[in-house]
Amino acid sequence: MPSISDIVPSFRLDGRVAVVTGGSGGMAAVLNKALLAQGASVALVDIDQAIVDKAGVELTNWATYNNVELITNDVQKISSWECDVTNYDQITQVLDKISGFHKSVPDLLVHTAGFCNNFDALEYPPDKMKSLIEVNLLGSLYFPQVMAKLLVKASKPGSFILIGSMSGVIVNYPQNQVAYNASKAGVIHAVRSLATEWAKYNIRVNCLSPGYILTPLTKKVIGENVEIKNAWESRIPMNRMADPKEFVGSILYLANHDASSYTTGENLVVDGGYQCW
Ligand SMILES: NC(=O)c1ccc[n+]([C@@H]2O[C@H](COP(=O)([O-])OP(=O)(O)OC[C@H]3O[C@@H](n4cnc5c(N)ncnc54)[C@H](O)[C@@H]3O)[C@@H](O)[C@H]2O)c1
Ligand SMILES: OC[C@@H](O)C(O)[C@H](O)CO
């Protein structure tokens, strides 16, 4: 007779080492806490050391307040690192350092690094298109590639979650952002390719595609213009933007090897119903 734990996954992440890129961003601020609380060690990676250190301190303070374990087997469970996800050498170096610091090859990637800019397609400055595609799309190829190489060498399974967007499957209104939308469509399809190539190494690769979340990224788009927020919400069946904590369940599902043992190459769209209209 199967036991309860044979059937119902616990969603715990004990012994896992998670790397969260964009580690000082708005989504990450909540996801970091959830991963740590579920037992994972968490390495925060972002483009600026001082800012990512600040995120690390905030995570440590939160964990202390909530009695979440900060050291396991004499190894610190939180670390913070500067790395530009468009720089292959930096990625290689930082993942080596993370493996050394946490005494284990990282096996869970939550890749949130990304940004948006808004221009009409006729006027879009080419250099701005290029830098956006480099961060959002090439970063989403470089980072998983280097991490997968380490896992394959260590014969260790992994789960990678790349953050796409509903903008990879719909076109937003009213703000124009062709490069962002194209980059996210690219991420969603790259995930399918990576999943097929790396299934034989027990590395599952999935995409989580959020709708509008209130974070620094969307605050920049809205600016002083509350009409943009109203226009967005009027097109969301649930009639509101998301809170970052509403993505924790999806992340834990895709991260946990029991819960999503047969899920790879998937694009999980969590958008309050935006796609339905
Ligand atoms: N906020 C939303 O409505 C929304 C919706 C769908 C998808 N997303 C996606 O979710 C992810 C996280 O977004 P967020 O809302 O938390 O945004 P955010 O701006 O709060 O965080 C993004 C983080 O990525 C980091 N980053 C940017 N370029 C980098 C680089 N070259 N190297 C390393 N780090 C870099 C930034 O410093 C920042 O900390 C992004 O990929 C975004 O496109 C956001
Ligand atoms: O589509 C939702 C997000 O990707 C993002 O908030 C938006 O596209 C930014 O304009």
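Modeller: Happy to! Val-8 sits in the loop that runs between α1 (4-7) and β1 (17-21). Together with Ile-4 and Ile-7, Val-8 makes a nonpolar surface patch of about 340 Å². Please keep in mind that this is a predicted model.

The loop between α1 and β1 also holds Arg-16, and its partner Asp-107 is found in the loop between α4 (88-102) and β6 (108-111), so this pair, 91 residues apart, links distant parts of the chain. The side chains of Arg-16 and Asp-107 form a salt bridge, with 2.9 Å from N to O. Side chains of opposite charge can pair when their charged atoms come close. In the whole structure, a search finds 7 salt bridges.

Now to the part you asked for. The space that ligand 2 takes up is the largest pocket. Residues surrounding ligand 2 include Cys-116, Ser-165, Met-166, Asn-172, Gln-175 and Tyr-212. Helix α7 (residues 216-222) gives the most to this shell, with 3 residues; Leu-217, Thr-218 and Val-221 are also among the residues around ligand 2.

In Ser-167, a side-chain N or O atom is 2.5 Å from an oxygen atom of ligand 2. Gln-177 places a polar side-chain atom 2.6 Å from an oxygen atom of ligand 2, and for a polar side-chain atom of Tyr-180 the distance to an oxygen atom of ligand 2 is 2.7 Å. Of the 290 Å² of accessible area that ligand 2 has on its own, the protein covers 97%.

How values were computed:
Residues are numbered from 1 along each chain as its sequence is written. Chains are lettered from A and ligands numbered from 1 in the order in which they are written. This is a predicted model: local features need pLDDT of at least 70, side-chain atom pairs count only at pLDDT 80 or more; totals for chains, interfaces and linings use all residues. Side-chain values use heavy atoms; hydrogens and water are left out. Patches are made of residues with over 30% relative accessible area and no salt bridge: like charges are joined within 9 Å, nonpolar side chains (Val, Leu, Ile, Met, Phe, Trp, Tyr) within 5 Å. Accessible areas come from the Shrake-Rupley method with a 1.4 Å probe; for residues, only the protein chains shown count as cover. A salt bridge is a side-chain nitrogen of Lys or Arg within 4 Å of a carboxyl oxygen of Asp or Glu. Helices (H or I, at least four residues) and strands (E, at least two) are DSSP runs, numbered from the N terminus. A residue is near a molecule or strand if one of its heavy atoms lies within 4 Å of it. A polar contact is a pair of N or O atoms within 3.5 Å; within protein, one must be able to donate a hydrogen and the other to accept it, and residues adjacent in sequence count only if both atoms are side-chain atoms. On a 1 Å grid over the protein atoms alone, a cavity is a set of points where a 1.4 Å probe fits but cannot get out, and a pocket is an open set with protein on both sides within 12 Å along at least five of seven lines; lining residues have an atom within 4 Å of a point. A molecule sits in a cavity or pocket if more than half of its atoms lie within 2 Å of its grid points.
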